[in-house]
Structure formats: C-alpha cells, structure tokens
Amino acid sequence: MLLLGADDDARRALHLLLDRRGLHVVAAADVEAAKRHMASEPCDVVLVASALAAEIRAACEVPVIAVVASRDVAAAMSLLEAGVDDVMTEPLDELRCSGKN
C-alpha cells in the first residue's frame, strides 16, 4: 500500500495504524515522490489525503482511496466523480483499514 499525504503527523499516525494491522506500507509526502515510488516498486492500492487524490488518480492505474473529513459529503462526491475508487472518512476505522470489514 502506498500512503500519500502532505501532513507529516497524520501520515505517520496512519502508517503506524496500518503497520500494526500487518500491512506493508510505504509513505510519500507528495505526488512526485509517490510516482517515483510506483515506477520502481508496484503497489496494490493508494490511500491518499483528499487534496492529492485527483492528481494521483490521473497518474496511476491501481485503486485510489481518498480520505476526507467526516462531514464533507461534497468533497467525497467530487472525488468519486473525479475517478477515485473509494472514499474513507476521518477518523479512520481501524477495522476497515485492515480490509476485514
């Protein structure tokens, strides 16, 4: 899994959560770093902060899951219309992050 987000604290916290669930996670702070990583090491899915979701969606072929604020229905709909594969709301559900829901 590639975890993409500009907020260092949020990215580290989510990385830790996903690591605890036994997932192999690589983190990137920006789209260019994410693209470089995907060119050298394929990933199965990209979990991305909403602000970067449309840009990374255009740059990759794997599923893209955007993370949005829990009450931002308009942003979620906009991202789905832009082609992201799914949307998760904050705070993230640990069980859903593990893929065991």
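1. The structure holds 0 disulfides, a disulfide being a pair of cysteine sulfur atoms within 2.5 Å. C43 is in none, and the nearest cysteine sulfur, that of C60, is 6.7 Å away. A disulfide is a covalent bond between the sulfur atoms of two cysteines.

2. On provenance: this is a predicted model, in which local features need pLDDT of at least 70 and side-chain atom pairs count only at pLDDT 80 or more, while totals for chains, interfaces and linings use all residues. Residues are numbered from 1 along each chain as its sequence is written, and side-chain values use heavy atoms, with hydrogens and water left out.

3. C43 counts as buried because its relative accessibility is 12%. C60 counts as buried because its relative accessibility is 11%.

4. C43 sits in the loop between α2 and β3 (46-49). Helices (H or I, at least four residues) and strands (E, at least two) are DSSP runs, numbered from the N terminus. Contact means heavy atoms within 4.5 Å; apart from neighbours within four places in sequence, C43 is in contact with L2, M38 and V62. From C43 to P91 the separation is 48 residues in sequence and 24 Å in space, C-alpha to C-alpha.

5. H37 belongs to helix α2 (residues 31-40). With 15% relative accessibility, H37 counts as buried. Setting aside neighbours within four places in sequence, H37 has contacts with L2 and V26. L2 is also among the contacts of C43.

6. The chain as a whole has 5 helices and 5 strands, and along the sequence they follow the pattern β-α-β-α-β-α-β-α-β-α. The radius of gyration is 12 Å, close to the 13 Å that the globule rule gives for 101 residues, so the chain is as compact as a globular protein of that length. That radius is taken over C-alpha atoms, and the rule is 2.2 Å times the number of residues to the power 0.38. Along the principal axes, the C-alpha atoms fill a box of roughly 35 × 30 × 25 Å.

7. Of the 101 residues, 37% count as buried. Among contacts between residues at least 6 apart in sequence, 40% join residues at least 24 apart. The chain exposes about 5900 Å², of which carbon and sulfur atoms supply 51%; accessible areas come from the Shrake-Rupley method with a 1.4 Å probe, and for residues only the protein chains shown count as cover.

8. Charges: there are 10 positive and 17 negative side chains, and the centres of the two sets lie 4 Å apart. Lys and Arg count as positive and Asp and Glu as negative, with His and the chain ends not counted. The place of a charge is taken as NZ of Lys, CZ of Arg, CG of Asp or CD of Glu.

9. D86 is in strand β5 (residues 86-90) and, at 31% relative accessibility, counts as partly exposed. R21 and T89 are 68 residues apart in sequence, and their C-alpha atoms are 19 Å apart in space.

Notes: Buried means under 20% relative accessible area, exposed over 50%, partly exposed in between (1.4 Å probe, protein chains only).
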